Amino acid sequence: MALLPAAMRSILRARSNRVLRAARDLQAGGGGGGSSLLRRWQSSLPQPDHVDRSDEESGGEIDWDNLGFGLTPTDYMYVMRSSPEDLGAFPRGELCRYGNIELSPSSGVLNYAQGLFEGMKAYRRPGRGGYTLFRPEENARRMQFGAERMCMPAPSVDQFVSAVKETVLANRRWVPPQGKGALYLRPLLMGSGPILGLAPAPEYTFLIYAAPVGNYFKEGLAPINLIVDDEFHRAMPGGTGGVKTIANYAPVLKAQMDAKSKGFTDVLYLDSVHKRYLEEVSSCNVFVVKGGVVATPATRGTILPGITRKSIVELARDRGYKVEERLVSIDDLIDADEVFCTGTAVVVAPVSTVTYQGRRHEFRTGPDTLSQELYTTLTSIQMGLAEDNKGWTVAVD
């Protein structure tokens, strides 16, 4: 593909900005809703085959050795929408340049939090090139489950996985080198159509953007320190704790910020009824180990069924551990030999201490722990360093 000179790239960027300003002017003058303007804007943006993607094996000025978990804008995002005439289906989407989108002030996602998101990673394969995804069909099915709960249509599994692959390839220069991190992918599903009364939105948008990331916690791979919060609760029975809705996350910010101001890494939440059973950390599942038994809270509606969690359960059983998915009490935690968290962002994070009601409890960490063994096994599969006998990885070429 011929590369465009710098002057042409400037012209294309200026053209995109003019289109966006024109859309805003039209909206201000009553020339149509935000969703139709977004479609017009997207169709006017330069498409992947007509835009310079030079230096595709490099992410520019990124210091890959010090890559944290933050937003680094990449080149492209994937957008697909479902209108009333689509009868709950999603026609083919398209890639467009990463950038701001316009929404009606009365959109369902802004007014009633009618939205879901997923999190997943793409890794650069060693040697032979290409990239790998880890169990993307599980993310697709979890989004479908959440969409039913939130009264939204959802892309099919094939549409979801295909869109993720397109997003990876369009942003391939941002995939970190082997062992330096991953390209984090954030699929969103939202009620983008305008609605004033409390009801499902008339139009929906499925969008995927990406960013290169390193370790989630500032401690890196070092053990983390948690505090148990028995005042704030993440979810309640009959609510939406078991789906990945956007409404689940802002409510934990208060407790999380308080914990971090006191020097803790994150918060471990208890159930809202008895206030004695473990649920989740702010954005990840939790496991406790005692002897040859591994226990993790059962996913019964208030706890998100994590894909990393599901994989770790299987890997632990493969190693001869008895894995129990059940109610796990605060007493079980205090009595544990080892505690760790799991999630797409954190992968497997060992827990050094948990503070409960002013008392700090310490747990085993280090190279001889189950969490370290599981981390090594899981990441080796994800990054293509070990044979995938379970069929969990999907190639992106």
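## Cavities and cores: worked exercises

The second largest cavity here has a volume of about 30 Å³. This is a predicted model, where local features need pLDDT of at least 70, side-chain atom pairs count only at pLDDT 80 or more, and totals for chains, interfaces and linings use all residues. Residues are numbered from 1 along each chain as its sequence is written, and side-chain values use heavy atoms, with hydrogens and water left out.

**Exercise 1.** Work out which residues line the second largest cavity.

*Step 1.* A volume is the space filled by probe spheres set on the points.

*Step 2.* Now list the lining: Tyr123, Arg124, Pro176, Pro177, Gln178, Gly179, Gly181 and Met383.

*Step 3.* Sort by class, and you get four nonpolar, three polar and one charged; Gly counts as polar.

**Exercise 2.** Describe the largest cavity by its space and lining classes.

*Step 1.* About 120 Å³ of space lies in there.

*Step 2.* Its lining includes Tyr123, Lys121 and Gln382.

*Step 3.* Count classes: five nonpolar, six polar and one charged.

**Exercise 3.** Find which residues touch the most other members of the largest nonpolar core.

*Step 1.* Such a core joins buried (under 20% relative accessible area, 1.4 Å probe, protein chains only) Ala, Val, Leu, Ile, Met, Phe, Trp, Tyr and Cys residues through side-chain atoms within 4.5 Å.

*Step 2.* Of its 35 residues, pick Phe160, Val164, Val168, Leu185, Leu189 and Phe206.

Technical notes
Buried < 20%, exposed > 50% of the residue type's maximum accessible area, 1.4 Å probe, protein only. 1 Å grid on protein atoms, 1.4 Å probe; cavity = no way out; pocket = protein on both sides within 12 Å on 5 of 7 lines; lining within 4 Å.
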